[in-house]
Amino acid sequence: MNGARVLGVDACRAGWIGVVPPAGPGDAGAARAYFAARIADLVAAADADGEVAVVAVDMPIGLPDGHPGGPPGRGRRRADVLARAELGPRWRSVFMTPARAALEADDHASAVAVNRRLTGEGVSRQAFGLKEKLFEVERWVREAGRRVVEIHPELSFARLAGEPLPHPKTTWAGAERRRELLAAAGVVLAGDLGRAGAAAGVDDVLDAGAAAWTALLVAAGRARPLPDPPEIFSDGVPCAIWA
């Protein structure tokens, strides 16, 4: 830890959960958790207890434009491709971010048609269902006034463990292993998390903790982007997954 106060963020069914780990040796104890319906309000709540220097978010930042014609998979984000390759058996945890025009479609069927035209691939209902939160993050990032990075929890956990984890986070073994890895790295998720613990699922808390750990690496200058350097699409936002 380098003394910077950072925030790891994950989307949950009711809104957003954030985890702030201890900022240094003199700030011992468990991580603090926050909850809000909107990401801007979540960050404001964390800032009220001490300004946050880095925010790491489990949500795509930087949307591909897609390229009509050519083989399936054209127009993919390199960040998604590289993360999948590194995760091996856990590659399915990384969904391919749809093209911007597909996410702007009014319904799932239209999004599938648009994305097939632009990338040669469809769009899962899960990915399309994230569009409102994804665009919420995009709007907020432009006014955040601080360092904001995209993370993927499974990539962060793989880096913590030195290899992709064998069990999903939805299993007891998977959840316990992830909690142990975070605790060993200084992100202790224990006890009463207050409103955040009541609003978010176990997997949401773990993912926010992984984001918080990665944010600490970013603050310390020890994280690296996939790809390096980041891609930039027509939205002008550097696009990379940090770990």
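Helices and strands are taken here as DSSP runs, of at least four residues for helices and at least two for strands, numbered from the N terminus. The structure described is a predicted model. In the second largest pocket, helix H8 (172–184) and H10 each supply at least two residues of the lining. The most is given by H8, with 4 residues. This pocket has a volume of about 240 Å³ and is lined by 13 residues, of which Arg 179, Leu 189, Val 202, Val 205 and Leu 206 lie nearest its centre. By residue class, its lining divides into 9 nonpolar, 2 polar and 2 charged residues.

The largest pocket has a volume of about 970 Å³. Its lining comprises 44 residues, and those nearest the centre are Ser 93, Phe 95, Gln 126, Leu 130 and His 152. Several elements each supply at least two lining residues, among them strand S1 (6–12), helix H2 (78–87), helix H4 (108–119) and helix H10 (202–219). Helices H5 (125–129), H6 (131–141) and H7 (153–161) likewise each supply at least two. The lining of the largest pocket consists of 15 nonpolar, 11 polar and 18 charged residues.

The largest nonpolar core contains 35 residues, and within it the most contacts are made by Val 19, Phe 157, Leu 182, Val 187 and Leu 189. Two or more residues of this core come from each of S1, strand S2 (15–20), strand S4 (54–57), H8, H10 and strand S7 (238–242). H10 provides the largest share, 11 residues. A second, separate core of 25 residues includes Val 9, Val 57, Ala 144 and Val 148.

The surroundings of Phe 157 may be described in detail. When residues up to four places away in sequence are not counted, Phe 157 touches Glu 163, Leu 165, Arg 178, Leu 181, Leu 182, Leu 206, Asp 207 and Ala 210.

Arg 90 is located in the loop between H2 and helix H3 (100–103). Arg 90 counts as buried because its relative accessible area is 17%, and the term buried applies under 20%. Apart from neighbours within four places in sequence, Arg 90 is in contact with Glu 154, Pro 164, Leu 165, Pro 166, His 167, Pro 168 and Arg 178.

Definitions and conventions. Residues are numbered from 1 along each chain as its sequence is written. This is a predicted model: local features need pLDDT of at least 70, side-chain atom pairs count only at pLDDT 80 or more; totals for chains, interfaces and linings use all residues. Side-chain values use heavy atoms; hydrogens and water are left out. On a 1 Å grid over the protein atoms alone, a cavity is a set of points where a 1.4 Å probe fits but cannot get out, and a pocket is an open set with protein on both sides within 12 Å along at least five of seven lines; lining residues have an atom within 4 Å of a point. Grid points are joined across faces, edges and corners, and a volume is the space filled by probe spheres set on the points. Ala, Val, Leu, Ile, Met, Phe, Trp, Tyr, Cys and Pro count as nonpolar, Asp, Glu, Lys and Arg as charged, and the others, Gly among them, as polar. A nonpolar core is a set of buried Ala, Val, Leu, Ile, Met, Phe, Trp, Tyr and Cys residues joined through side-chain atoms within 4.5 Å. Buried means under 20% relative accessible area, exposed over 50%, partly exposed in between (1.4 Å probe, protein chains only). Contact means heavy atoms within 4.5 Å.
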